[in-house]
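Please keep the sequence and the model in view while reading.

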Amino acid sequence: CFMVNNSSAVLINDTSKAGKQVQSCTTMRAAITQLVQAVRFVSSVLGQDTSKKLVRLLSSATGAPLLYRDFIQQSLYHPELGYFNKPQPPVLRLTEPINFNRILNQAEYNSVLAKVYKQLQVDWLTPVEVFAPWYGRAIAHYILEARKHTLNTAGQPLSVVEIGGGTGTLAASILDYIAEREPITYSTMTYCTIELSSSLAAAQQDLVVQQRGHATAWRCLHADAATPQAWLEVAAAAQQQRRQRHQQQHTFVLMMEVLDNLPHDRVVRSTTDADWQQVAVTSQQQQQQHEQEQRVANSRKSSRLLHQQQQLQLTEVLQPAHDPLIQRCLQVLYPRGQTPRTASTSSSSKMFGWFQRFLGLPSDAQDPLDVWLPTRCLQLLETLHSMVPSHSLIAADFDALPDITVPGRGAPLVSGRSADKQTVDYNTVLVPWGSADIFFPTDFDDLGRLYQAAAAAAAAQQQPSAAEEGSAELQLQRRTNS
């Protein structure tokens, strides 16, 4: 635990994301084959017109090279083609809670969960969904206790903002609990969800308002939480909802399974003494008729469709690392002239690092040459500290993913589904928008450093009197995998 002005955070390290099946891609040929399959799958599912639109959008968007964070942002959150804006969202909620009292052991739990996945036919379920409603009720209990015993804000109206509300299960569980336990607090509270996905926003509206009846306490804003405008809309919605807002109101900010889907930037360098270079994405359109004819010789319909389409060839280009956000992130995590810390603080990792140094072996954890930077996370934290200086951040995610084949420290797992609904994992991020989930492991040491840096930058921009208002502690709770 350590102090950071008037904001606090509880960071919970999940052990895994349930439901992700990992299948490694070990050769470039396999990656190319999977990319072609993904393009075909998008074409077959979305139709010819939409597939052409995808090609046009990618081509125009990448006429000038896109930084990786912008490419990933479009791949996941594009209004029409993004992974999370599919007509049927990739994440659903359980039809009924799991009865854990009847589960005897780990094997039986795995069996129950497998049946749930088979029934729902979804890509994955978050802990919020798997452990509903208890996960949300535990968060609600923590919020109420923190207001009474830590923050001393029990007399103020309660303000909760959830970034990325999923299906609405967390909001519904929290609001149900507070309405039951503290109806007076519930009567004056505001709960606002900031959501980029229109389909998920509709699911939240259905559960939280239509089914659970929390219309007076809950609002959903279709916005990007990394932008100041989103938080201005949150303040306006809260003021309109309750017709008054406490001048120094403390806000609980929730980010459950959000950090993993925040876009990253990729930077590389030739040696540990060389300057960093930022990696951007560009595209070239090439006719692939001959190859397509060979691949679909047994399907005249598919052959005609592919004849009419152009396949994007996405490539990487290196640029000097002049992007301001990349520079700020590098300064925090890899300051020039200082030896970076190891990637993990576990005793086994420290021992392995010592063994590497003893043998004179290079350590990619200490001096990486290829890194994925959580730039979008830093941007969100900077915006949060600037727009809501008095807050408590509660975030949960996982710190490791198995069998990642994308190169680079902190690289993501890129996972989609083939036309026959089988899991397909790629060894590149350069897949058609919306065809795969792109999610990153969370380094909690890095996250703590970014949070501190964002808080310091916001405090430096504030007036001295404003910076001294309020006090809270930053609690960094780390749970390692067993």
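The sections below take these topics in turn.

## The chain as a whole

The model is predicted, and the values given here are computed from it. Its secondary structure comes to 17 helices and 16 strands, and of the 482 residues in the chain, 52% count as buried. When contacts between residues at least 6 apart in sequence are considered, 81% of them join residues at least 24 apart.

## Helix α4

Helix α4 spans residues 106-120, which makes 15 residues, and from its first C-alpha to its last it reaches 21 Å, close to the 21 Å expected at 1.5 Å a residue. Which residues of α4 are buried? They are Y109, L113, V116, Y117 and L120. These five residues lie on the same side of α4, because they cover an arc of only 95° around the axis. An α-helix has 3.6 residues a turn, so residues three or four places apart point the same way.

The buried residues of α4 pack against α5, which covers residues 127-130, whereas A107, K115, K118 and Q119, on the other side of α4, are exposed. E108 also belongs to helix α4, and E108 counts as partly exposed because its relative accessibility is 28%, which lies between the 20% limit for buried residues and the 50% limit for exposed ones. If neighbours within four places in sequence are left aside, E108 is in contact with R102 and I103.

At the start of α4, a side-chain oxygen of N105 comes to within 3.3 Å of the backbone nitrogen of A107, while just after α4, Q121 takes a positive phi of about 55°.

## Nonpolar cores

In soluble globular proteins, nonpolar side chains tend to be buried together. In this chain, the largest nonpolar core has 41 residues, and those with the most contacts inside it are I163, W231, M255, L330, L373 and L381. I163, not counting residues up to four places away in sequence, touches I194, A225, W231, V253, L254, M255, V258 and L380. A second, separate core has 39 residues and includes L94, Y117, L200 and F440; Y117 is also one of the buried residues of α4.

## Aromatic pairs

How many aromatic pairs does a search of the whole structure find? The search finds eleven, and two of them are set out in the table.

| Pair | Centre to centre | Angle between planes | Arrangement |
|---|---|---|---|
| W372 and F440 | 5.9 Å | 55° | tilted |
| F398 and F439 | 6.1 Å | 80° | edge-to-face |

W372 lies in strand β11 (residues 370-373) and F440 in the loop between β15 (436-439) and α16 (444-461), so this pair ties together parts that are 68 residues apart in sequence. Both W372 and F440 are buried. Elsewhere, ring pairs link Y77, Y83, F84 and W124 into a cluster.

## Two buried loop residues

H264 is found in the loop between β7 (251-256) and β8 (265-268). Is H264 buried or exposed? H264 is buried, because its relative accessible area is 5%, under the 20% cut-off. The side chain of H264 reaches the backbone oxygen of L262 at 2.8 Å. Leaving aside neighbours within four places in sequence, H264 is in contact with Y68, R69, I72, W372, L373, P374, T375 and F440, a list that includes W372 and F440, the two partners of the tilted pair.

S418 sits in the loop between β13 (413-417) and β14 (423-426). At 16% relative accessibility, S418 counts as buried, and a polar contact of 2.2 Å joins the side chains of S418 and D420.

Technical notes. Residues are numbered from 1 along each chain as its sequence is written. This is a predicted model: local features need pLDDT of at least 70, side-chain atom pairs count only at pLDDT 80 or more; totals for chains, interfaces and linings use all residues. Side-chain values use heavy atoms; hydrogens and water are left out. Helices (H or I, at least four residues) and strands (E, at least two) are DSSP runs, numbered from the N terminus. The expected span of a helix is 1.5 Å times one less than its number of residues. Buried means under 20% relative accessible area, exposed over 50%, partly exposed in between (1.4 Å probe, protein chains only). The arc is that of the directions from the helix axis to the C-beta atoms. Contact means heavy atoms within 4.5 Å. A polar contact is a pair of N or O atoms within 3.5 Å; within protein, one must be able to donate a hydrogen and the other to accept it, and residues adjacent in sequence count only if both atoms are side-chain atoms. A nonpolar core is a set of buried Ala, Val, Leu, Ile, Met, Phe, Trp, Tyr and Cys residues joined through side-chain atoms within 4.5 Å. Rings of Phe, Tyr and Trp (its six-membered ring) pair if their centres lie within 6.5 Å; planes under 30 degrees apart count as stacked, over 60 as edge-to-face and the rest as tilted.
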